[in-house]
Amino acid sequence: MDKVSVKVCLGTTCFVMGSANLQELIDLVPRKYGDKVDVSGVPCLGLCATDWEFSKAPYVKVDNDVIKEATVEKVMAAVEAKLTKKVK
Ligand code: FES
(Lines give C-alpha, C1' and ligand atoms only; values in the text may rest on other atoms or scores of the structure.)
Protein backbone atom coordinates (compact mmCIF):
# COMPACT_ATOMS: atom_id res chain seq x y z
CA MET A 1 0.00 0.00 0.00
CA ASP A 2 1.29 3.44 -0.88
CA LYS A 3 1.91 5.78 1.96
CA VAL A 4 -0.15 8.90 2.40
CA SER A 5 2.03 11.97 2.28
CA VAL A 6 1.28 14.94 4.48
CA LYS A 7 3.17 18.16 3.91
CA VAL A 8 2.65 20.91 6.43
CA CYS A 9 3.65 24.28 5.01
CA LEU A 10 5.96 26.11 7.37
CA GLY A 11 6.59 29.06 5.04
CA THR A 12 6.21 32.53 6.49
CA THR A 13 2.61 33.21 5.45
CA CYS A 14 1.33 29.86 6.63
CA PHE A 15 3.39 30.08 9.79
CA VAL A 16 1.97 33.49 10.65
CA MET A 17 -1.54 32.27 9.82
CA GLY A 18 -1.25 29.40 12.25
CA SER A 19 0.74 26.52 10.84
CA ALA A 20 2.80 26.65 14.04
CA ASN A 21 -0.14 24.84 15.65
CA LEU A 22 -0.04 22.24 12.92
CA GLN A 23 3.43 21.13 13.90
CA GLU A 24 1.60 18.99 16.42
CA LEU A 25 0.71 16.79 13.42
CA ILE A 26 4.36 15.91 12.98
CA ASP A 27 4.20 14.02 16.31
CA LEU A 28 0.58 13.04 16.24
CA VAL A 29 0.32 11.44 12.80
CA PRO A 30 3.17 8.92 13.20
CA ARG A 31 1.93 8.01 16.66
CA LYS A 32 -1.53 7.28 15.28
CA TYR A 33 -0.74 5.85 11.85
CA GLY A 34 2.84 4.61 12.17
CA ASP A 35 4.56 4.19 8.84
CA LYS A 36 1.38 4.34 6.76
CA VAL A 37 1.72 8.09 6.60
CA ASP A 38 4.73 10.27 5.90
CA VAL A 39 4.47 13.66 7.49
CA SER A 40 6.89 16.51 7.11
CA GLY A 41 7.18 20.25 7.38
CA VAL A 42 8.03 21.93 4.09
CA PRO A 43 8.98 25.43 3.01
CA CYS A 44 6.39 27.55 1.16
CA LEU A 45 4.25 25.37 -1.13
CA GLY A 46 3.77 28.35 -3.42
CA LEU A 47 0.04 28.47 -2.75
CA CYS A 48 0.03 31.62 -0.65
CA ALA A 49 1.48 33.64 -3.52
CA THR A 50 -1.40 32.94 -5.89
CA ASP A 51 -4.07 34.79 -3.91
CA TRP A 52 -2.37 36.20 -0.87
CA GLU A 53 -5.00 38.88 -0.42
CA PHE A 54 -7.64 36.25 0.19
CA SER A 55 -5.19 33.85 1.59
CA LYS A 56 -6.60 30.66 2.97
CA ALA A 57 -3.36 29.88 4.74
CA PRO A 58 -2.25 27.79 6.44
CA TYR A 59 -2.06 25.18 3.72
CA VAL A 60 -1.34 21.49 4.09
CA LYS A 61 -1.05 18.98 1.27
CA VAL A 62 -2.36 15.48 1.77
CA ASP A 63 -1.09 13.57 -1.26
CA ASN A 64 -2.10 15.93 -4.05
CA ASP A 65 -5.03 17.52 -2.27
CA VAL A 66 -4.60 20.97 -0.84
CA ILE A 67 -6.27 21.66 2.48
CA LYS A 68 -6.97 25.34 3.00
CA GLU A 69 -7.21 27.00 6.40
CA ALA A 70 -5.87 23.76 7.71
CA THR A 71 -6.46 22.62 11.25
CA VAL A 72 -5.28 19.48 12.99
CA GLU A 73 -8.85 18.12 12.76
CA LYS A 74 -9.19 18.81 9.02
CA VAL A 75 -5.86 17.18 8.25
CA MET A 76 -6.57 14.11 10.38
CA ALA A 77 -9.95 13.70 8.64
CA ALA A 78 -8.28 13.94 5.22
CA VAL A 79 -5.64 11.37 6.20
CA GLU A 80 -8.34 9.06 7.48
CA ALA A 81 -10.27 9.40 4.20
CA LYS A 82 -7.15 8.65 2.13
CA LEU A 83 -6.28 5.58 4.18
CA THR A 84 -9.79 4.24 3.83
CA LYS A 85 -9.62 4.66 0.05
CA LYS A 86 -6.19 3.09 -0.24
CA VAL A 87 -7.30 0.00 1.64
CA LYS A 88 -10.03 -0.70 -0.94
S1 FES B 1 3.83 30.06 3.06
FE2 FES B 1 2.54 28.36 2.85
S3 FES B 1 2.03 28.27 0.79
FE4 FES B 1 3.43 29.90 0.98
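Me: What should I know about the model before I start?
Reply: It is predicted, so local features need pLDDT of at least 70 and side-chain atom pairs pLDDT 80 or more, while totals for chains, interfaces and linings use all residues. Residues are numbered from 1 along each chain as its sequence is written, and side-chain values use heavy atoms, without hydrogens and water.

Me: In what order do the strands sit in the sheet?
Reply: The order is β2-β1-β3-β4, in an open sheet with mixed pairing. Strands are DSSP runs of E, at least two residues, and helices are runs of H or I, at least four, numbered from the N terminus. Two strands pair if DSSP finds at least two bridges between them.

Me: Which strands stand at the edges?
Reply: β2 (37-42) and β4 (65-67) do. Each has a single partner strand, so one side of each lacks a neighbour in the sheet.

Me: How many bridges join β3 to β4?
Reply: Three, and the two strands run antiparallel. Lys61 has Val66 in β4 as its bridge partner.

Me: New topic. How many salt bridges are there?
Reply: Three. The rule is a side-chain nitrogen of Lys or Arg within 4 Å of a carboxyl oxygen of Asp or Glu.

Me: Which residue does Asp65 pair with?
Reply: Lys82, with the closest N and O atoms 2.9 Å apart. Asp65 is in strand β4 and Lys82 in helix α3, 17 residues apart.

Me: Is Lys82 buried or exposed?
Reply: Buried, at 15% relative accessibility. Asp65 is partly exposed, at 39%. Buried means under 20% relative accessible area, exposed over 50%, partly exposed in between (1.4 Å probe, protein chains only).
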